Amino acid sequence: MAKIINVVKGTKDILPADSPMWQILEKNALEVFSRYGYKEIRTPIFEVTELFARGVGDTTDIVNKEMYTFEKSERSLTLRPENTAGVVRSFIENGMARLSAPVKLWYKGPMFRYERPQAGRQRQFHQVGVEMFGVKEPAADAEVILLAVNYLKSLGLNDLEVEINSLGCPECREAYKNKIKAVLKPEFDNLCDDCKNRYEKNPLRLLDCKVESCKEIFEKPEIKAVIQSDFICEACAEHYSKLKNYLDELGIKYTENKLLVRGLDYYNRTVFEIKSNNLGSQNAVCGGGRYDSLVRNLGGEDTPAVGWAMGMERLISLIPSLEAKKLDGYIVSNSPAEAFKLAEELRNAGFEVEFDLQNKKFTKQLEKASKVADYALILGEDEIKNNTVSVKNLATSIQKSVVRANIGSEFKNV
Ligand code: ATP
Ligand code: MG
């Protein structure tokens, strides 16, 4: 026998038994996001590498370690590790800044990151996300958080933790970064290698470190005091407090977490995550925030923006799995042409119907029907002659004769 080829490490098939869950996630996304005025956008799965280097930030783990990059015709291309950069590129390229604000977009699809595969972490995974362009007011931040919470509710996920923080603007953040660097200087040698790297390039990212020994350092009183200090300027503080007021008014529970800085470089002011206590260490289902300078950094006009992305695999693992749905009917007959005709009639009426394509014996067909369908629709010689169908309810074993012409409207009453 020929050698078997396996799925690539860190990727997974979504098998037929699981796809109904994915369909629910996608259907609810369309329904819920549409109610808030979001339109779906589908951008390519690969983009020029520079888009992510500039759009995600070249101090991030994503750009430094996790990108699937390849060359074609001397161009460097990359499989998208996230979709905000692609959506922003499309926003600029298609002149969406000319549309009346806000421009509200949503997307879903596969993302690619070369990470260590583990529970809740894959190399090809899926995100669903939203982006809102053109509104600097905190009402936009509140609306996207509300939208995330309501999408999760539509999936039966009511008890997740919303964490928020404000990173301020580039101006007020500068002083904070310097204070963090100063207070961590004596500890520099004790930081993990990643944090040593981040110290100069992107000191706020240290606070996000998952390494225990680093977390312990941030707990030291004199260091914690600096981390927890209020550093944001008046305008940023007002923006943040208005956001919190909206969330309070809307009844959205949240906690403030000063260590929440998010992995991507482009955020300013609001950042947030939604976490579950049932996911082990990969506990974030949603991450997002405001990114007012990204459109300009990627060559567009100054356009404020805010958005989020959710990991669909992590959502799936939180939702109880569905029972497999049975067919409405399985036709049992030794006359394939008649079975075909009846099946087509019922399928055109919207029922899920199958019949035997392999000339199996009547008894085998009945056995199959009882496994896969709610009703057996028996078309024997007598039934064909009398223009009837014998309908057997496979849950109750009740069997009745139904006039052939009425089958579509009556078989489910048996
Ligand atoms: P994490 O801290 O878990 O690595 P992140 O901050 O890198 O998350 P984002 O880039 O903000 O995540 O992506 C948003 C969401 O996408 C995450 O909250 C998570 O649910 C999901 N996600 C991110 N990376 C992966 C992955 N490798 N496999 C599965 N889901 C992922
Ligand atoms: Mg990550």
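**Exercise 1. Decide whether P20 is buried, exposed or partly exposed.**

Step 1. Take the cut-offs: buried means under 20% relative accessible area, exposed means over 50%, and partly exposed lies in between, with a 1.4 Å probe and protein chains only.
Step 2. P20 has a relative accessibility of 33%, so P20 counts as partly exposed.
Step 3. Helices (H or I, at least four residues) and strands (E, at least two) are DSSP runs, numbered from the N terminus.
Step 4. P20 and R296 are 276 residues apart in sequence, and their C-alpha atoms are 40 Å apart in space.

This is a predicted model, in which local features need pLDDT of at least 70 and side-chain atom pairs count only at pLDDT 80 or more, while totals for chains, interfaces and linings use all residues. Residues are numbered from 1 along each chain as its sequence is written, chains are lettered from A and ligands numbered from 1 in the order in which they are written, and side-chain values use heavy atoms, with hydrogens and water left out.

**Exercise 2. Describe the backbone and the surroundings of R269.**

Step 1. R269 is not a glycine, yet has a positive phi of about 50°. Most residues other than glycine have a negative phi.
Step 2. R269 is found in strand 9, residues 268-275.
Step 3. The relative accessibility of R269 is 18%, so R269 counts as buried.
Step 4. Contact means heavy atoms within 4.5 Å. Leaving out residues up to four places away in sequence, R269 touches N165, S166, L167, G168, A235, C236, H239 and R290.
Step 5. G289 is 20 residues from R269 along the chain, with 7.7 Å between their C-alpha atoms.

**Exercise 3. State where N359 is found and whether N359 is buried or exposed.**

Step 1. N359 is found in the loop between strand 13 (353-355) and helix 14 (362-372).
Step 2. The phi of N359 is near 55°, a positive value in a residue other than glycine.
Step 3. With 66% relative accessibility, N359 counts as exposed.

**Exercise 4. Find which residues a cis peptide bond joins.**

Step 1. The bond joins A101 and P102, with omega about 0°.
Step 2. P102 has its place in the loop between helix 4 (84-93) and strand 5 (103-112).
Step 3. For reference, most peptide bonds are trans.

**Exercise 5. Describe the protein as a whole.**

Step 1. The secondary structure comes to 16 helices and 16 strands.
Step 2. The protein is divided into domain 1 (19-169 + 232-318) and domain 2 (327-413); such bounds come from an automatic or database domain assignment. The C-alpha centres of the two domains lie 49 Å apart.
Step 3. The radius of gyration is taken over C-alpha atoms, and the globule rule is 2.2 Å times the number of residues to the power 0.38. A compact globule of 414 residues would have a value near 22 Å, whereas the protein has 28 Å.
Step 4. Along the principal axes, the C-alpha atoms fill a box of roughly 90 × 55 × 45 Å.
Step 5. Of the 414 residues, 49% count as buried.
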